Amino acid sequence: MKCKCGRKAVFHSKVYRITLCDECYPKFYIELVRRSIKRYGIVKKSEKVLACVSGGKDSSAMAYALKELGYDLELFHIDLGISEYSKESLKSVEELAESLDLNLNVVKLKDYGFTIDDIERKKVCSACGIAKRYLMNRFARERGFDIIATAHTCEDIILFFIKNMLSGNIDYISKLKPRIDAFDKLVAKAKPLFERTEKENATLVLTLNIPFTPTECPHAPRDVWKEIIYDVELKKRGFKQNFVRAIAKLAESIRTEEWKVKHCKICGEVSNAEICSFCKLTKRF
Ligand code: AMP
Ligand code: FES
Ligand code: ZN
C-alpha cells in the first residue's frame, strides 16, 4: 500500500480511511493530539506540564507530541524498584529525555523505605497505583507544575470504565475526564492521548525512533477485558473512538458530590481517611 504522497505506507486506518508513510504519519498523529487537546481544553499553553513517563511507548509518544506542540514541559519518572523492568524503564526515559532535550526528574520509591518488589503479590498493582498518584501529585505541586500529564490511551479509559461500571463505582467515572482541574492540594490532571490507540502510539515511536522499552511490567496481569475491547473493534470499526468520546461526555456530566477535604495527619496530603494510603504503605515498612 502507498501513502497519498506516493511513498511506502507504514500506517493504515480503516477508521480514518487513510494510509500514510513514515513522513506523513507523524504530522497526522500530532494533528490528532492537537485537536483533542483543543476540543476538550486538556492543557493550556500557559501551563507548566509535568509529563509522567514510564519508559513505555505511550508515554514516550505523549512526551514527543507535547514537545512538538510547543508546551512547556519536563519529564517525571518514578523508579518503582521492580527488578530488571525498572532498570530498563529508567534507561529508556533517560534516552528519551536526551533525544527530546527535556529535563528529566526521577523519584525513587526506595527513598520512601520500600519498593514494589517488597509488596505481597495480591496487593502489588493497587500499592503501585497509590504510590504513583501520590508521588506525581506531591512532586508536581512542590516543584510548581500546573498540570500532570499521563499517557492513558483510549483502551485504558474504556477498560477503567467497564471495570468500574461492573463494580458499581459510578462516581469513579468522573475521574475519566480528559482534564481534571486542580482542587485543594491536588494538581490538575491531563490525559492528552485519551482518544489515541496503543497502535497509533506504537507507530509514532517506531517510525521516529523515539526511545521506549517494549518490556512490560512483570506484575501486569493478562487482561481479558482488553482482549474483548480489541475483538469488538475488529467486528465494529470505530467502536473505541466512539466509546471513549461517549465516556468523556458522560464523565463531564457527572456531578461529583461536594466532599469535605481531609488531610493526612502524617504528611498533610489530601486523603479520605485520617492517614493517607501512601503513609499507610510507608508505615508498614
Ligand atoms: P499505568 O498506571 O501503568 O497504566 O500508567 C498510566 C500512566 O502513568 C502512563 O501512561 C504514564 O504516563 C504514567 N506512568 C506509569 N508508570 C510511571 C512511572 N514509573 N513513572 C512515571 N509515570 C508513570
Ligand atoms: Fe505498577 Fe506494574 S507498573 S505493578
Ligand atoms: Zn500521608
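This is a predicted model: local features need pLDDT of at least 70, side-chain atom pairs count only at pLDDT 80 or more; totals for chains, interfaces and linings use all residues.
Residues are numbered from 1 along each chain as its sequence is written, and chains are lettered from A and ligands numbered from 1 in the order of writing. Local features need pLDDT of at least 70, side-chain atom pairs count only at pLDDT 80 or more, and totals for chains, interfaces and linings use all residues; side-chain values use heavy atoms, without hydrogens and water.

Six strands form an open sheet of mixed pairing in the order β5-β4-β3-β6-β8-β7 (strands are DSSP runs of E of at least two residues, helices runs of H or I of at least four, both numbered from the N terminus; two strands pair if DSSP finds at least two bridges between them). Its edges are β5 (104–108) and β7 (179–180), each of which pairs on one side only. Two antiparallel bridges link β7 to β8 (residues 188–190), with Ile-180 partnered by Lys-189 of β8. A hairpin is formed by β1 and β2, with four residues between them; in its turn, Arg-17 has a positive phi of about 50°. The two strands run antiparallel and are joined by four bridges, and His-12 stands opposite Thr-19 in β2.

Helix α2 (residues 57–68) lies across β3, β4 and β6, at about 160° to β3 (axes are lines fitted to C-alpha atoms, for helices over the stretch in contact, with angles from 0 to 180 degrees between N-to-C directions; contact means heavy atoms within 4.5 Å). Helix α4 (residues 124–142) lies across β3, β4, β5, β6 and β8, at about 140° to β4.

The count of aromatic pairs is 14 (rings of Phe, Tyr and Trp, the last by its six-membered ring, with centres within 6.5 Å; planes under 30 degrees apart are stacked, over 60 edge-to-face and the rest tilted). Phe-114 and Phe-285 are stacked, because their ring centres are 5.1 Å apart and their planes at 10°. Phe-114 lies in the loop between β5 and α4 and Phe-285 in the segment after α9, so the pair ties together parts 171 residues apart in sequence.

At least two lining residues come from each of β1, α6, α7 and α8.
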